[in-house]
Amino acid sequence: MDYWNYYINGIVADRNVEEVAIVGLSDKCVWAAKPGGLLAAISPQELALITGQDQKTFLLTGITVAGKKCSVIRGNLLVDEDMMDVRSKGSDSRSKGKTPKALIFLMGKKGVHGRALNQRVHDRIVSMKA
């Protein structure tokens, strides 16, 4: 567990990142998250929708992440890119990336562009796949 805490603290130290969560694909449970953070409350039901095969529905209607309604800007979790960009009404950006065993959720600080988060998620995916 100390490894995950170290990993989460390293990500949150980035000046663009407000929160992070690592979630297992098989068990749909949060493996690690910023203590006390919003993303620690991601539910198995939300994960089932996000990782499900019917992504057309939430591309039109949006998704809920940790109880907060978000619009999907770009959703490619089921293709080679393995990324998804969403934005909440409060205008914070969120980015998700998929590795073979986990999803990585990042929430940017207010005003941070999604592109900055996407690069961080991509870098984490590459390091976790290695």
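**Aromatic pairs, a helix face and a buried strand residue**

Mentor: Start with Trp4 and Tyr7. Both sit in helix H1 (residues 2–12), 3 residues apart, which is about one turn of the helix. Keep in mind that this is a predicted model.

Trainee: Okay. How many aromatic pairs are there in the whole structure?

Mentor: A search of the whole structure gives 4 aromatic pairs. Trp4 and Tyr7 form an edge-to-face pair, 5.8 Å centre to centre, with 90° between the planes.

Trainee: Why would residues at that spacing point the same way?

Mentor: An α-helix has 3.6 residues a turn, so residues three or four places apart point the same way.

Trainee: And are Trp4 and Tyr7 buried or exposed?

Mentor: Both Trp4 and Tyr7 are buried.

Trainee: Which residues do the ring pairs link into a cluster?

Mentor: Tyr3, Trp4, Tyr7 and Trp31.

Trainee: Switching to helix H2. Which of its residues are buried?

Mentor: In H2 (residues 44–51), the buried ones are Glu46, Leu47 and Ile50. They cover an arc of only 100° around the axis, so they lie on the same side of H2.

Trainee: New topic, Met84. Where is it?

Mentor: Met84 is in strand E5, which spans residues 83–88.

Trainee: Why does Met84 count as buried?

Mentor: Because its relative accessible area is 0%, and the cut-off for buried is under 20%.

Trainee: What separates the C-alpha atoms of Met84 and Val121?

Mentor: A distance of 9.9 Å between those C-alpha atoms. Along the chain, Met84 and Val121 are 37 residues apart.

How values were computed
Residues are numbered from 1 along each chain as its sequence is written. This is a predicted model: local features need pLDDT of at least 70, side-chain atom pairs count only at pLDDT 80 or more; totals for chains, interfaces and linings use all residues. Side-chain values use heavy atoms; hydrogens and water are left out. Rings of Phe, Tyr and Trp (its six-membered ring) pair if their centres lie within 6.5 Å; planes under 30 degrees apart count as stacked, over 60 as edge-to-face and the rest as tilted. Helices (H or I, at least four residues) and strands (E, at least two) are DSSP runs, numbered from the N terminus. Buried means under 20% relative accessible area, exposed over 50%, partly exposed in between (1.4 Å probe, protein chains only). The arc is that of the directions from the helix axis to the C-beta atoms.
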